[in-house]
Amino acid sequence: MILSDEAKVFTCICMALFICTCTALLIGEERKSKWFQKRTTYSFFLRRGVLGEWLHFGYPCTVEGYGVTAIMLCLIGLSSYIIWTVL
């Protein structure tokens, strides 16, 4: 099965959202708030919806946060590489 470039990009975006969703479910809201720091001030243009706020991790502020970020980046990169080379 050969996909067009547009379909590959869409598949990579869907896979990245899936990986972020699974990671958010696995680590939970309590650990996410311990390991990641969110922005404290918001303007009108930086507001997110419920789903966007739930998927937003922030920036890592502990060793565990950096580890989770590195694992997510590796998984997203590996899945994108597989999608672009195999499909």
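How far is the sulfur of C61 from the closest cysteine sulfur? The answer is in the second legend below. Every view comes from a predicted model.

**View 1. Helix α3 and its buried residues.** Helix α3 covers residues 63–86, 24 residues in total. At 1.5 Å a residue, the helix should span 34 Å, and its end C-alpha atoms are 34 Å apart, so expectation and model agree. The buried residues here are G65, V68, M72, S79, S80 and I83. They pack against three elements: α1 (5–35), β1 (36–37) and β2 (59–60).

View 2. A disulfide is a covalent bond between the sulfur atoms of two cysteines. The structure holds 0 of them. For C61, the closest cysteine sulfur belongs to C20 and lies 17 Å away, which is too far for a bond. C61 is partly exposed, because its relative accessibility is 41%. C14 is also shown. Its closest cysteine sulfur is in C12, at 9.4 Å, again too far for a bond. With 35% relative accessibility, C14 counts as partly exposed.

**View 3. The packing of α1 on α3.** Two packed helices are described by the angle between their axes and the distance between the axes. For α1 and α3, the axes come within 9 Å and cross at roughly 160 degrees. An angle over 145 degrees counts as roughly antiparallel, so α1 and α3 are roughly antiparallel to each other. Their crossing is right-handed. On the α1 side, the contacting residues include D5, K8, C12, M15, I19 and W35. Their partners in α3 include E64, V68, M72, L75, I83 and W84.

**View 4. S79 in close-up.** S79 is found in helix α3. Its relative accessibility is 14%, so S79 counts as buried. Leaving aside residues up to four places away in sequence, S79 touches M15 and I19. M15 and I19 are both among the α1 residues that meet α3.

**View 5. F44 in its loop.** F44 sits in the loop between β1 and α2 (50–55). Is F44 buried or exposed? F44 counts as exposed, because its relative accessibility is 70%. F44 and F57 are 13 residues apart along the chain, and their C-alpha atoms are separated by 19 Å.

Technical notes
Residues are numbered from 1 along each chain as its sequence is written. This is a predicted model: local features need pLDDT of at least 70, side-chain atom pairs count only at pLDDT 80 or more; totals for chains, interfaces and linings use all residues. Side-chain values use heavy atoms; hydrogens and water are left out. Helices (H or I, at least four residues) and strands (E, at least two) are DSSP runs, numbered from the N terminus. The expected span of a helix is 1.5 Å times one less than its number of residues. Buried means under 20% relative accessible area, exposed over 50%, partly exposed in between (1.4 Å probe, protein chains only). Contact means heavy atoms within 4.5 Å. A disulfide is a pair of cysteine sulfur atoms within 2.5 Å. Axes are lines fitted to C-alpha atoms, for helices over the stretch in contact, and angles run from 0 to 180 degrees between N-to-C directions. Angles under 35 degrees count as roughly parallel, over 145 as roughly antiparallel, 65 to 115 as roughly perpendicular and the rest as oblique. A crossing is left-handed if the near helix is turned anticlockwise from the far one by less than a right angle, and right-handed if clockwise.
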